[in-house]
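Please read them with the sequence and the structure open beside you.

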Amino acid sequence: MTLTFVALLYAVEGVDTVSHHDLDGAGVRPRTAEGLEGIVFAPVLHANWAHLIGNTLPVIVLGLLTLLTGIGRGLAATAIVWVVAGVGTWLTGASGSVHIGASVLVFGWLTYLISRGLFTRNLWQILVGVVVGLLYGSILWGVLPGQAGISWQGHLFGALGGLLAGWVLSSNERRHRRGESAGRLASSG
């Protein structure tokens, strides 16, 4: 599924290249009615091949690890990240700018994988989060304003979307853990 998504990204960039980058205008354009469509399209659009190639390995690794938390859960996490990143960027991005790129998903998947283990208190998921954090954690500096032409807003809201997804999608485990704790307290009393 992850490789299919990456193939879609490459197909879209191929069409965008042939169309002289006409598709890039379909990204998130902050606080404009037309820019709302970018919430749907921005993560599959890239400024050029170098931009796409730079996102490819993190998309494959983090996307696959996200899906390994369960296909339904991984898709739900992706949807949460996609929407939170898009809406947050639309609300806070600079006027007149256009925001595109799968890096919003990369940031979201990263924080989802790091936070999920903490929320569920599952040792294996914590270990995955630690390894992912060690391998990719340094990119989190990208949530801060800095380099021109880089959507720190997309990165920030992608990361926040990942945290939200980690929290929301661990609710069953948290509820189950609370039920076990209450049961232990009742049986010891």
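**Notes on the predicted model**

1. Over residues 98-114 the chain is 71% helix and 0% strand, with end C-alpha atoms 29 Å apart; helices here are DSSP runs of H or I of at least four residues, and strands are runs of E of at least two, numbered from the N terminus. Residues 98-114 are among the spans that UniProt lists, in an unreviewed entry, as "transmembrane region", and such annotations may be inferred rather than shown by experiment.

2. This is a predicted model, in which local features need pLDDT of at least 70 and side-chain atom pairs count only at pLDDT 80 or more, while totals for chains, interfaces and linings use all residues. Residues are numbered from 1 along each chain as its sequence is written, and side-chain values use heavy atoms, without hydrogens or water.

3. The mean pLDDT (the predictor's confidence in each residue, from 0 to 100) is 89 for the chain, but confidence is lowest in helix α8 (residues 171-188), at a mean of 63, and highest in α4, at 97.

4. Leaving aside neighbours within four places in sequence, F5 is in contact (heavy atoms within 4.5 Å) with V44, V59, W82, L105 and W109.

5. Residues 75-92, also listed by UniProt as "transmembrane region", are 100% helix and 0% strand, and their end C-alpha atoms lie 26 Å apart.
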